[in-house]
Amino acid sequence: GWQRLVNPENIMTFEAVSKLGTAAIANATQTINTATTYGIGPTVKAILKDFFKRTESRDFAMESGVIVESAIRDFMQETIGKGGKVVSKIMAPGFKSVETFNRAVTANAARFYAIDQLQKLLKNPDKGAIKALTKLGINVEHLLKEGKLPEDDFITAARAAVKKTQFLVRPLDLPGFATTP
């Protein structure tokens, strides 16, 4: 009867699906998290790279494992709940594209930021650059011995940056102003 319809899971699914129309818009602001965490310069470089060298930008993000197609599909399914594919195409247009863009920009911004921090570190080893690189998961002692960042460190930095700045944005997790017209 009606108890089956009025259970918490169905109510939450209805609430989420009813707010999906604005999900891509709210999600588009996540690049601000990247800029405030890793700097405007690296973020703008990453945005420009994604616009003008999209294949190179996305290849690095794919190699880093931050825009795996199945992960984004699972992310959308988790966000939508029982809504399914049809609802996501109707109610959340552009969400997948925005999420892919955010993750590619963040991965590349982390790469540019790590390069900037390495240059600072090599010129004048200070605590700020050491701390910044350590937060990205980079072994600074090894880095100082080698004098360069191996590709694996860029991948580590990209993953750490995406994990830190690209949070789960379910409609139910957003404040009211972000989910209403």
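Which helix does Asp50 lie in? Asp50 lies in helix α5, residues 40–52.

## The model and its terms

This is a predicted model, in which local features need pLDDT of at least 70, side-chain atom pairs count only at pLDDT 80 or more, and totals for chains, interfaces and linings use all residues. Residues are numbered from 1 along each chain as its sequence is written, and side-chain values use heavy atoms, with hydrogens and water left out.

## The chain as a whole

The chain has 13 helices and 0 strands. Helices are DSSP runs of H or I with at least four residues, strands are runs of E with at least two, and both are numbered from the N terminus. Of the 181 residues in the chain, 43% are buried. Buried means under 20% relative accessible area, exposed means over 50%, and partly exposed lies in between, with a 1.4 Å probe and protein chains only.

Contacts here are heavy atoms within 4.5 Å. Among contacts with a separation of 6 or more, 77% join residues 24 or more positions apart.

Asp50 has a relative accessibility of 0%, so it counts as buried. Set aside its neighbours within four places in sequence. Asp50 then contacts Ser57, Arg58, Phe101, Ala104 and Val105.

Helix α9 covers residues 95–123.

Helix α6 (residues 54–64) meets α9 with axes that come within 9 Å and cross at roughly 85°. That makes α6 roughly perpendicular to α9, a term for angles of 65 to 115 degrees. On the α6 side, the contact uses Ser57, Arg58, Phe60 and Ala61. On the α9 side, it uses Thr100, Phe101, Ala104, Ala107, Asn108 and Arg111. The residues of this contact divide into 5 nonpolar, 3 polar and 2 charged. Here Ala, Val, Leu, Ile, Met, Phe, Trp, Tyr, Cys and Pro count as nonpolar, Asp, Glu, Lys and Arg as charged, and the others, Gly among them, as polar.

Ile67 sits in the loop between α6 and α7 (69–80). At 5% relative accessibility, Ile67 counts as buried. Ile67 and Glu99 are 32 residues apart in sequence, yet their C-alpha atoms are 8.4 Å apart in space.

## The two sides of α10

Helix α10 spans residues 127–135, and its Ala129, Ala132 and Leu133 are buried. These residues cover an arc of only 95° around the axis, which puts them on the same side of α10. The arc is that of the directions from the helix axis to the C-beta atoms. An α-helix has 3.6 residues a turn, so residues three or four places apart point the same way. The cover over the buried residues of α10 includes α9 and α11 (140–146). On the other side of α10, Lys127, Lys131 and Lys135 are exposed.

Thr134 also belongs to α10. It is partly exposed, at 48% relative accessible area. After α10 comes Gly137, with a positive phi near 85°.

Conventions: Axes fitted to C-alpha atoms, helices over the stretch in contact; angles between N-to-C directions. Parallel < 35°, antiparallel > 145°, perpendicular 65-115°, else oblique.
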